[in-house]
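Hi there,

Here is the structure I promised to pass on. Please have a look at the model first, and then read my notes below.

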Amino acid sequence: MNDKRYRLILYTIIAVITATISIQVYWNYKNYQTNKQQLINDVQVSLDKAVDDYYTALAERTTFGFILEGDQQKKAFEDGGELEKFFKNIDESNKEFTNLDSLDTNTIEGITVFRGFKADSMSEAHDKTHNPLSRDQFKLKIDSLKSNNKDVNLKNAEFLTSKVMISIKNDTLDVKAVEELIAIELERKSINVDFYLDYKDSERDIDYFMVNASLPELDPNHMSDDYLQTDTKSRFLPKGTFLTILFTNTTKAILYRILGGILISTLLVLAVISCLFYLLKIIKQQKQLAEVKNDLISNITHEFKTPIATISAALESISNFNAIDDKAKTKKYLNMSSEQLGKLNVMVEKLLETATLDSGNLELNKENFDIIGLLDALVSKYKIQFPDKTFNTNIQLESLIINADIFHIENALNNILDNAVKYGGDLISIELKTKKTNFEVLISDNSNSLTHENKTQIFDKFYRVPKGNTHDVKGFGIGLYYTKTIIDKHHGSITLELNKNLTTFKITLPNG
């Protein structure tokens, strides 16, 4: 995958993420606005119900209806009559009836009492309980009386039923009482807002204007832009008056309503972003693998071409230049060919070894051995092979027995030392530290050829520090991958530490 195509995919993913976030933000904003309007509607319904309940309770105390039947029509309004008992219970200061619950209206014969708004429809209520006669039924009843009592004269007969309604005019509004009713209603609906009532009465405002030459103003503490407001639509509110509720703390209330939607939206956005970034990571890994593959093919080509060319030249010399008659030259060419075949065999073995590691079929043959003796032997070998390098060891113990696969542990340590010699500086240090449950082997060199970018990939299979087309150091990028795999299989760990002028590989293995 070329860089142009990779950038195109990256830009597409960024565009998709941006579009997803924008859509979810817009959706949540619209949801917020919808719930804001719903909150206003709910508060208004609560206000209307509170006003209705207030005036219903007020009507129970100020409005009475009476249906008088029979002799009560004549006696009810006389001094000492039954209705006088009701009039004595009028509280003129509060403009309402008092202590009416103490009067037993059921014992007053011929009087039916209706309280509150029921008085408006007392005829219907009376008819339901007394089963009134229709016109035809009434006519049949009269004809029956005439036929059964021929001497009866109905000319002056009286059929009377009187209805009396008493209503004490009380149009005042107790704002505190309404506030209490609203608070109860809002709590019932789980609406947690702070509110304030603004009551306007045109007659009262005119009187105020006549005295103060200005209209009353709303409490300045309740004129913030944070307040929402709505007016009551209650039909019981007196004409010329207006009751407005102003409420705040709305953002918290609205967010509480849409919390579930916000959480689901957030999870969806995070899921989409995570999937897209995971896809981008996979694409990036595939891009890197493609680069590693190309680099590996290039390395294999260069690594294999040299011994093959050497062997071909040796065989050609033996064949074409009568080298076969010269035993010394023949032996030299054969040794050269054998040496190059050995190199080819080692390279093939390394590739096959890597395949074995990937397959998971590698079995460890653990045994007890002295890790310090192994380190000393490896350091001694490298001192002989590379006399121009300086090797310093810092090992305080004489012996440390561990249980591990000596063959693979030796190869792993050898790979680290080999890298230090090939890519490191002139000074190489080997240090061993023991702890309670494990020990550490630190192999350092005084170079700064590796970067933090290399640090994240140094243990990847086939990875080599990029040097363009330069192949000054041979290898396939398998050594450190092999080393990490072997250390992991021994339940240990290997890390790379980069300081200013020091590169350190730290191997940690369990004791025993």
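A word on conventions before that. This is a predicted model, in which local features need pLDDT of at least 70 and side-chain atom pairs count only at pLDDT 80 or more, while totals for chains, interfaces and linings use all residues. Residues are numbered from 1 along each chain as its sequence is written, and side-chain values use heavy atoms, with hydrogens and water left out.

**The cores**

I looked for nonpolar cores, meaning sets of buried Ala, Val, Leu, Ile, Met, Phe, Trp, Tyr and Cys residues joined through side-chain atoms within 4.5 Å. Buried stands for under 20% relative accessible area, exposed for over 50%, and partly exposed for what lies in between (1.4 Å probe, protein chains only). The largest core has 39 residues, and the members that touch the most others are I371, I409, L413, L432, F439, V441 and I507. At least two residues each come from α11 (371-385), β11 (401-404), α12 (406-423), β12 (427-434), β13 (438-445), α14 (479-489), β14 (493-498) and β15 (503-510). Helix α11 gives the largest share, 7 residues. Helices (H or I, at least four residues) and strands (E, at least two) are DSSP runs, numbered from the N terminus.

Beyond its neighbours within four places in sequence, V441 is in contact (heavy atoms within 4.5 Å) with L375, L413, E431, L432, F505, K506 and I507. There is also a second, separate core of 26 residues, and L39, I40, Y55 and V193 are among them.

**Helix α14**

The buried residues of this helix are L480, Y481, Y482, T483, T485, I486 and I487. Just after α14 comes H491, with a positive phi of about 60 degrees.

Which residues does L480 contact, leaving aside its neighbours within four places in sequence? They are I416, N419, I458, F459 and F505. L480 has a relative accessible area of 8%, so it counts as buried.

**Salt bridges**

Counting a side-chain nitrogen of Lys or Arg within 4 Å of a carboxyl oxygen of Asp or Glu as a salt bridge, the total is 8. In one of these, R257 pairs with D42, and the closest N and O atoms are 2.8 Å apart. This pair links distant parts of the chain, as R257 sits in helix α8 (residues 250-257) and D42 in helix α1 (residues 3-62), 215 residues apart. R257 is partly exposed at 31% relative accessible area, whereas D42 is buried at 17%.

Two other bridges lie within helices. K49 and D53 meet at 3.0 Å, N to O; they are 4 residues apart in helix α1, which means a separation of about one helical turn. An α-helix has 3.6 residues a turn, so residues three or four places apart point the same way. K49 is partly exposed at 36%, and so is D53 at 33%. Both also belong to a network of salt bridges with E185 and R188.

In helix α12, D418 and K422 are likewise 4 residues apart, or about one helical turn. Their side chains form a salt bridge of 3.0 Å, N to O, and K422 is partly exposed at 38%.
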